[in-house]
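Subject: Structure handover

Hello,

Here is the structure we talked about. Please open it alongside this note; what I found follows below.

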Amino acid sequence: MSVLAEVPLAPNPVEAFIRSERIPHVWCPGCGIGTTVNCFSRALLQSRLNLERVVVVSGIGCTGRVAGYLQLTSFHTTHGRAIPFATGLKVANPELTVVVYSGDGDLVSIGGNHFIHAARRNQDLKVICVNNFTYGMTGGQVTPTTPLSAISSTTPYGCFEEPFNLPFLAESAGATYVARWTSYHVRQLTHAMGEMLRKKGFSFLEIISGCPTLYGRRNRLGDGLDEMKYFKDKSVVQHGANTKEAGIGFQGPIVVGKFVDIERPVFLEQMNQQLARTLDAQYAGCVGDYVPS
Amino acid sequence: MDSKAKVLAVRQGRYCVQADPAGVLTGTHFLDGDQACCEGALAAGCRFAAGYPITPSTEIVERFAQRAPLVGGIFLQMEDELASSIAIAGAVWAGAKAFTVTSGPGFSLMMEHIGFAVMTETPLVIVDVQRGGPSTGLPTLPGQADMMQARWGSHGDYEIIALSPNSPQECFDLTIDAFNLAEQYRVPVFLMMDECVGHMTEKVVIPPPGEIEIVPRRYTSLPPSQYLPYRADAHGVPEMVRAGDGYPIHITGLTHDERGYPATNYQAQEQLVRRLINKIRQHTDEIVRYEETTLDDAEIVVVAYGITARVAMQAVQMARERGIAAGLLRPIVVWPFLEKRLRELANQARAFVVAEINCGQIVQEVERAVSGRAPVVLVPGAGGAVHHPEEILEAILTHASTREVLR
Amino acid sequence: MTDEPNQMSKGTGVAEKAKRIRGIVYINLNRCKGCGFCIAFCPPGVLVFSEQFNAQGYHPPRLADAEGCTGCDLCGLYCPDFAIYAVMTHKNGQQGKSPGGSTGEVLRAS
C-alpha cells in the first residue's frame, strides 16, 4: 500500500468526521448534501467541542442519510421524527450537543408539527435543513417547499400549492437563530453552523441545495453545477431581512443571510426555574444549565 | 457528586439493581390501576416519560408529572403520540429508562415507533389502557381489542412482549416486570391494561426498595474500537452504549449489520430479523407467565385476561357450585403466547371457553394451540362493558359433560 | 473500485518547484463523481477535467497549473464526494496548515 503513504500529514478535514468505509455515499453526482457535510465537519472542527458529546439525528430521505456517514454518535430515525427523538436525547442528557440534520420533506412536511413545537418550546437543538425542493429518495415528488409552477413527479403540470417559507415559519414558531444559505455559500455555511453549535436554543439553518437528478432534470435546470450557478447568481445577501419576505419563487431570487439571532430561555431553563420556584427544596434538582440555588 | 451530576445519574438509572428509594412509595395504598402503574414505573427506575393526553390513560402521566420532579425525573407532554413514542426512544439512548402511556387511538399512532424500537433494539415500555374502538370509539369505557394490534400492529415481522394486569396491584407489579423484560431482551414491552383495571381502586402494597429487583441496562465493557452495537450474545441480545459515552455508533431503522450500518440485502435481513424474532421465541418458556385456578381436574378451561379474568373467575366458581369441573387459565404474559400450556391442557379438557372484550382475538391463538383437539368457544364483547358472569357460565354449561343432569 | 482504491494524485512537480508553490491539492480519484464543482469554483482556476475515467466512470479533476494553487481548500469545501482538498505550503515547500481547520487534529478526549 505504498500509495497510502502519500496521504498527507494534514488530511482532508472532513475525513475525521466521516465513516470512510462507507464512501462512496448514495448521493447523486452534483448533489449538494455532501458539500454541506464538508461545511459541517469544518464547523465542528473549529468549534473545539468534545465530539463524544455531539450527536447527530436524521430522519428519512437523502439528507436523512447524513447521520449514517458521520463518524459521530448518530441516529437515523423514522420519517419526520428526528426532532422528537432529539428532544428525548437532549432532555434526558442536557450535556449532549444535539444536531438534527434532515431534508425539507422530512422536517417540514411529515415532521412539520414537531418542528414548530420544538421551536415553540425553544428546545436546545441545532436543526439543519437541506432544502432541495423535492423528495429525492422516492423519486422527486412535490414537497411543502416546492416553488409554485415547478414540475415534480406528482405535480406533472406544475406545482399549484403555496410553499412554506422556512425562515418565516421557524421565526414565527419561536426559533432563536434562523439563517439561510445555499450549498454554493460554503464559507458562510461553515460560519453559520459554527454559530449554531455555540448558540443555546432552537437554531435553524436552511440550506438551499440542488437535486440535479430529479428536481433539476424535471425542471430543465441543467446539472448540479448549473443549479450551483443559479444559487451564486440569484442569491441576495440580506442579513436581518424580514423573514416574511424571504419566500422563494421558481428560479427566482434567494434571500440569504442570518435573519434571527435572539436570546430566549431554553426549555430546560424554563422547566427548572418553574419547578424550583414552585417546589422549592422539594425539587429533586435539574441537569440543565439553570441550577436552582 | 454534585447535585447536577446526581440528578443526571438518577435520570439515567446508572446504578440501580435495586429500586431507587426516592421513587418507591413503600407501604399500603389505595390506588387505581393508572396510579399504580405510574408508581410501578418510578419504582422500576423510570425517570423519563413522554405522553399525550388520552382517556382512560391520562391519570398515569398526570401522576408522573406530579411525582417526577420530586425524584429526579422528567415528564414531557409532547405534541402527539408519534412524538411521545419516539422521544422516549431518544431518552433511552441517552441512558434513561423511559415509557409512554396511551389508549387505542394513540396506540395506533405509535405503531411506527414500535417497529423502530424493535429494529434498533431500544428497550422501552408502552402502556395501553384499552378502551372501546375502532377509531375514537368509547373513550371512557373498557375494551380488550388492541391485543392483536400490540402483537402485529407495526409492519414487518417481529416479536414483542405484552403483559396484562387484572388489578391495581398487578398494574404496579407488572409495570416493573415490563421494564425489566425490556432491558433483558432489548425489546419494547407493552402493558395491556383496560379502562376497568385502570380506573378501579384497590389496595396496592408497595414493597421496600430492597425487595424490588431491577434489571439494569447492560452496557458494554468493550472499548469503542472493539464494540459492535449489534453483535449479540448467546441469548441473541447485544450490549448497549449511551450517547455521550464516546462510542461513535450509528443506529438506524434500516436493516443493518453488526456495525449498525445499513445493509439492505437479503443476507443481512435474514440474519437480523431472525435474531430479533428468535431472541424472544427461544426464550418463550422463561417469559411466559400465567395463573391457574382449579385447573387440575378441569374439563372446561376458561381462558381470560385483564378485567375479564375477574369476571371469568366468578363464572368458574358458579360452575363449580353446580358440580362442573371448570378452571381458569389467566395469561399474565399474553405475548409471547402460552401455547405449550394450552397444548397440555388440550389433553384433558373437554372444551375451552375464551372470554375477552373483543370479537375474537386471543381466541384465535387458543384455537391454534388446541389444534382441533377440543372445541374452543368465544364469549365475545364488542367493548363498552365487561361480561356478565352468566354469559361465561352459559358457555361453560353448554360444553360440560354433566349439563343434562343439571338442567 | 480499482486495484488502488485510495489512490491519491498529488500536484505535479512539488519538489522541484517547491519555492513557488503555495498550495498542494490532493485528489482521491475514485471517489470523484465528476460534478465539476471544484473546477468551476476554484478561485485561481487551476483545475480541469482529466481525460481519464476513474473506476466509477467519471472524469475526475486534474491540476493544470501546479503553481497556481493557493491551497485555499475551497475545492475541499465544495466537493460533495470528499474526493479533493488542498493545503497551503510554507515558504520552504513543506506542507502547512489546511485552511479548513488548523492541523486536522480532532478533539475526541472526554
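Buried area here is the accessible area, taken with a 1.4 Å probe, that two parts lose on being put together, summed over both. Please keep in mind that this is a predicted model.

**Chain A against chain B**

By that definition, chain A and chain B bury about 3700 Å² between them. Carbon and sulfur atoms give 63% of that area. In terms of contacts, 48 residues of chain A meet 44 residues of chain B.

The polar side of this interface has 18 residue pairs in polar contact, both residues being at pLDDT 80 or more. There are 2 salt bridges between the chains. One of them joins A:R81 to B:E112, with the closest N and O atoms 3.4 Å apart.

Which elements of chain A supply at least two residues each to the side that touches chain B? They are α2 (66-69), β2 (73-76), α3 (82-92), α5 (112-121) and α10 (267-279). The largest share comes from α3(A), with 7 residues. By residue type, the side of chain A that touches chain B divides into 21 nonpolar, 17 polar and 10 charged.

Strands also pair across the two chains. β2(A) is joined to β10 (residues 250-252) of chain B by 3 bridges, and the two strands run parallel. Look at A:S74: its bridge partner in β10(B) is B:H250.

**Inside chain B**

Contact involves 25 residues of domain 1 of chain B and 22 residues of domain 2 of chain B. The two domains of chain B bury about 2000 Å² between them, 57% of it on carbon and sulfur atoms.

How many salt bridges link domain 1 of chain B and domain 2 of chain B? The count is 2. B:R330 forms a salt bridge with B:E170, and the closest N and O atoms are 2.7 Å apart.

On the side of domain 1 of chain B that touches domain 2 of chain B, several elements each supply at least two residues. These are β6 (138-142), α6 (147-152), β7 (161-163), α7 (168-185) and α8 (195-199) of chain B. The residues on that side of domain 1 of chain B divide into 15 nonpolar, 5 polar and 5 charged.

Best wishes

Conventions. Residues are numbered from 1 along each chain as its sequence is written. Chains are lettered from A and ligands numbered from 1 in the order in which they are written. This is a predicted model: local features need pLDDT of at least 70, side-chain atom pairs count only at pLDDT 80 or more; totals for chains, interfaces and linings use all residues. Side-chain values use heavy atoms; hydrogens and water are left out. Contact means heavy atoms within 4.5 Å. A salt bridge is a side-chain nitrogen of Lys or Arg within 4 Å of a carboxyl oxygen of Asp or Glu. Helices (H or I, at least four residues) and strands (E, at least two) are DSSP runs, numbered from the N terminus. Ala, Val, Leu, Ile, Met, Phe, Trp, Tyr, Cys and Pro count as nonpolar, Asp, Glu, Lys and Arg as charged, and the others, Gly among them, as polar. A polar contact is a pair of N or O atoms within 3.5 Å; within protein, one must be able to donate a hydrogen and the other to accept it, and residues adjacent in sequence count only if both atoms are side-chain atoms. Two strands pair if DSSP finds at least two bridges between them.
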